[in-house]
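Reader: I'd like to learn how to read a fold like this one, piece by piece. Could we start with a helix and what packs against it?

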Amino acid sequence: MQIKHFVPLLTALALCGLAACGGSGESASASSPQASSAQGQEPTALDRYRGVLFGQDSFLYMDGENAPASLEISQVPALFSPDSSYAAVGWFTVLDLDGDGTEEAVLQITDAANDMGGYLVLRCQEEEVLGYPSGWRTFWDLKTDGTFFYSQEGGSEDGLASIRFTEDGLVLDKYLYGTGDWFRFYDFYLDGQAISKEEYDLALLEQDEKPDAQWYAFTQEELQQVLGGAPA
């Protein structure tokens, strides 16, 4: 699917999370929770996402403003469109967003016009699945390396970014962007250094050549295909 123009954790904690949740060496159709349990292994990240996305387990919602709240997947659309009966989780993908060796699950929440809404990133940390919200102007043209296109409201800034996780939540790391007014950009930056428009345009072309992340419809069939089947 193509989407139209969307202090690091302590090392010991990250290593502990990797041990509990599994690394990137497992494919999206990795062994089921039953198999992991039978082999005496800790559930992988995909096992834990499977439980949340099939509605059998809860996750901790981390919005950076309130205390973490335990929620279920059925409550997600209302987080983004509380007054709409049309809001739904429309699409999902699974990839390693921050390069730590463990996959995250990214959910796109859509509304009546199949846009707006926003994104929820599920991340495995130790024995918990944490959910981080992100606005609908992020995760556009998401690539397999975790980079994506983003835009500021009002057209004051467009560019490329990736994300990282801190103790306070999800952080957008902007590394290429242009600034201006109403989508007319006059100043361009790469890694914080001013560049020419030609250099900016060239960097955008190089981004286009990267492989796209694979998005899937948020259906039971697609969930089973990607995550390996419904949990027990």
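Predicted model: local features only at pLDDT ≥ 70, side-chain atom pairs only at ≥ 80, totals over all residues.

Reader: Which residues of helix α6 are the buried ones?

Author: In α6, which spans residues 220-227, they are L223, V226 and L227. The three span an arc of only 80 degrees around the axis, so they sit on the same side of α6.

Reader: Why would residues three or four places apart point the same way?

Author: That's the general idea: an α-helix has 3.6 residues a turn, so residues at that spacing point the same way.

Reader: And what follows α6?

Author: G228 does, and its phi is positive, near 100 degrees.

Reader: Let me zoom out for a moment. How many helices and strands does the chain have?

Author: Six helices and twelve strands. Out of 232 residues, 45% count as buried. The chain exposes about 11800 Å², with carbon and sulfur atoms supplying 49% of that.

Reader: Next, rings. How is a pair of aromatic rings described?

Author: By two things: the distance of the centres and the angle of the planes. Searching the whole structure here turns up ten aromatic pairs. In one of them, Y132 and F165, the ring centres are 5.0 Å apart and the planes are at 50 degrees, so you'd call the pair tilted. This pair links distant parts of the chain, 33 residues apart: Y132 is in strand β6 (residues 128-135) and F165 in strand β8 (residues 157-166).

Reader: Are Y132 and F165 buried or exposed?

Author: Y132 is buried, since its relative accessible area is 3%, and F165 is buried too, at 5%. Another tilted pair is F188 with Y200, at 4.8 Å centre to centre and 40 degrees between the planes. F188 belongs to strand β10 (residues 184-190) and Y200 to helix α5 (residues 197-208), so that pair ties together parts twelve residues apart in sequence. Both F188 and Y200 are buried.

Reader: Which residues form an aromatic cluster?

Author: Y119, F139, F148 and W215 form one.

Reader: One last stop, a loop residue. Where is G117 found?

Author: In the loop between β4 (104-110) and β5 (118-125). With a relative accessible area of 17%, G117 is buried, because the cut-off is under 20%.

Reader: What is G117 in contact with, leaving aside its neighbours within four places in sequence?

Author: F80, S81, I109 and W136. As for G90, which is 27 residues from G117 along the chain, the two C-alpha atoms are separated by 9.9 Å.

Notes:
Residues numbered from 1 in each chain as written. Heavy atoms only, no water. Helix = DSSP H or I, 4+ residues; strand = E, 2+ residues; numbered from the N terminus. Buried < 20%, exposed > 50% of the residue type's maximum accessible area, 1.4 Å probe, protein only. Contact = heavy atoms within 4.5 Å. Arc of directions from axis to C-beta. Areas by Shrake-Rupley, 256 points an atom, 1.4 Å probe, with all protein chains shown as cover. Phe/Tyr/Trp six-rings, centres within 6.5 Å; stacked < 30°, edge-to-face > 60°.
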